[in-house]
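The report below is meant to be read beside the sequence and the coordinates.

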Amino acid sequence: MAKTKTHTRFVCQQCGRVAASYMGKCPQCGAFDSMTEEVIHDESAAKKNAVNIRGLTGRSEPQPISKVGGEAEERVPLAIGEFARVLGGGIVPGSIVLVGGDPGIGKSTLMLQMAMEMAKTQKVLYVSGEESERQIKMRAVRLNDKKLPEQLLLVTETNLEVILNHVRASQPDLLIVDSIQTVYLSELDSSAGSVSQVRECSSQLRELAKSSGISVFMIGHVTKEGNIAGPRVLEHIVDTVLYLEGDRFQAYRLLRSVKNRFGATSEVGVFEMREGGLSEVTNPSEAFLAERLVNAAGSSIAVTMEGTRPILVEIQGLTSPTQFGNARRTPNGVDFNRLLLITAVLTRRVGLKLAEQDVFVNVVGGIQIDEPAADLAVAAAIASSWKDLPVKADVVFIGEIGLAGELRMPSQMVARLREAQKLGFKTAIVPKAIRRGEEYPKGIEIVEVRSLDQALDAALKKS
Ligand code: TYD
Ligand code: MG
């Protein structure tokens, strides 16, 4: 196709802001020297390319809401339960999903496992711009050496026009693109992975999904800052954004939905990376607590909510005298500022002398806790280490800490308490309820306290 160079524009590579002329500093995100020149291509040609894939044109005609078909979205079931849960129950035909995550975390593995599962009943096209067909096959054999599905087609390709031709020719039900940063449109001058390529390619894939009913999954790389590389607008283009997270050196992986037009957000699926790929962890609390040392100082159990699911995790704290100069605060799995706040409250309101102590906190299993509801467990782990007194056996902590050392009630207490009770914990130390909405479950002793001080008194063993 002839290039239709009408004129050029400048696009900020950080945030996607478009300007007519070059600017040294982006007026939107403030980045310096981030604008690059790009050629504007003929959009209508690109649109024409994308639709009509299955003879369906992008019909647009207003109709009464009652006449619009499909009360509940039709979903294709997915046999990987933890994955289906994050998607909201299965794959919605014609939806477009972005799967992000750090390099090497297991995105390609997850997509290939899904592709092999779906190919049992559907036709799946797996397009890779990163690995050869041979490499993918070798991985597939490793994941499932019994029988490779006939309906799974592989191709190594990065030119989006060619990819769309493959889609026309093979008519899959599911298309997987690994990764969006490797595909390009030859109409655009900028290189693959640039903001405009990523945006244009994903828009065309979106057109494809919406007009043909093919479900599209694309893998997106994550930058050092933790954002999906390319413009933020990518998140607006797709229906669902999933992140695969975890510590590369640990086995557990969390698949989290941060946006979902077809289900609840912040839903989480838990996997474990094994020899044969990602395997589902249906009871994450048990898995996270498996290696716990009972009766050791510096360990406590928090009940954190991941989406609608309560998960028990072990928090470890260690205090050790500072050797040179400033005391260090080193969190792994909890927010740094949250740790500063908790150590400050422990110092000022509880009287622990932490000013000349290095404080380390670690969440076992390599997961990241963002919730303030884990504050009390973090404080208990630190205090337990400092006093060298273990936390009493079978105790869980739930509660947010305020600056005055008071405890605040987090949401979904009943679900948290039920999970703790299910796993055999006998006591829960929780903030005192002003007004209890629901009855707390029986079979677990609830110790209600007002302040951090009282919580530590109740929790730490005195010999
Ligand atoms: P990969 O899916 O290639 O990561 P991404 O696409 O996110 O970059 O996963 C790579 C890692 O997963 C690699 O370090 C090896 C590990 N792995 C296993 O431990 N078991 C397996 O069965 C497979 C396929 C990969
Ligand atoms: Mg990969």
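How far does a polar side-chain atom of R142 lie from a nitrogen atom of ligand 1? In this predicted model, the separation between that nitrogen atom of the ligand and the polar side-chain atom of R142 is 3.2 Å.

**Ligand site**

Ligand 1 is surrounded by 16 residues, of which the closest are S108, T109, R274, E275 and G277. T109, one of these closest residues, has an N or O atom in its side chain that is placed 2.6 Å from an oxygen atom of the ligand.

| Residue | Atom on the protein side | Atom of ligand 1 | Distance |
|---|---|---|---|
| T109 | N or O atom in the side chain | oxygen | 2.6 Å |
| R142 | polar side-chain atom | nitrogen | 3.2 Å |

Two packed helices are described by the angle between their axes and the distance between the axes. Helix α10, which covers residues 375–387, packs against helix α12, residues 452–459, at an angle of about 60° and with the two axes 11 Å apart. An angle of this size makes α10 oblique to α12, and the crossing of α10 past α12 is right-handed. On the α10 side the contact is made by L376, A379, A380 and A383, which meet L452, A455 and L456 of α12; by class, these residues comprise 7 nonpolar, no polar and no charged.

Helix α9, residues 336–350, also packs against α12, here at an angle of about 90° and with the axes 10 Å apart. That angle makes α9 roughly perpendicular to α12. The residues that meet are V345, L346, R349 and V350 from α9 and L452, D453 and L456 from α12, and they divide into 5 nonpolar, no polar and 2 charged residues.

The remaining pairing to describe is that of α9 with α10, whose axes come within 10 Å of each other and cross at roughly 60°. These two helices are therefore oblique to each other, and their crossing is right-handed. From α9, the residues R338, L339, I342, T343 and L346 meet D375, V378, A379, I382 and A383 of α10, a contact that has 7 nonpolar, 1 polar and 2 charged residues.

**Local backbone and chain features**

D178 and S179 are joined by a cis peptide bond, with omega about 0°. S179 belongs to the loop that runs between β7 (174–178) and α6 (195–212). Another backbone feature concerns D394, which has a positive phi of about 60° although D394 is not a glycine; this residue is located in the loop between α10 and β17 (395–397).

A287 lies in helix α8, residues 284–289. With its neighbours within four places in sequence left aside, A287 is in contact with Y252 and V281. The C-alpha atom of A287 is separated by 9.9 Å from that of I311, a residue 24 residues apart from A287 along the chain.

Conventions:
Residues are numbered from 1 along each chain as its sequence is written. Chains are lettered from A and ligands numbered from 1 in the order in which they are written. This is a predicted model: local features need pLDDT of at least 70, side-chain atom pairs count only at pLDDT 80 or more; totals for chains, interfaces and linings use all residues. Side-chain values use heavy atoms; hydrogens and water are left out. Axes are lines fitted to C-alpha atoms, for helices over the stretch in contact, and angles run from 0 to 180 degrees between N-to-C directions. Helices (H or I, at least four residues) and strands (E, at least two) are DSSP runs, numbered from the N terminus. Angles under 35 degrees count as roughly parallel, over 145 as roughly antiparallel, 65 to 115 as roughly perpendicular and the rest as oblique. A crossing is left-handed if the near helix is turned anticlockwise from the far one by less than a right angle, and right-handed if clockwise. Contact means heavy atoms within 4.5 Å. Ala, Val, Leu, Ile, Met, Phe, Trp, Tyr, Cys and Pro count as nonpolar, Asp, Glu, Lys and Arg as charged, and the others, Gly among them, as polar. A residue is near a molecule or strand if one of its heavy atoms lies within 4 Å of it. A polar contact is a pair of N or O atoms within 3.5 Å; within protein, one must be able to donate a hydrogen and the other to accept it, and residues adjacent in sequence count only if both atoms are side-chain atoms.
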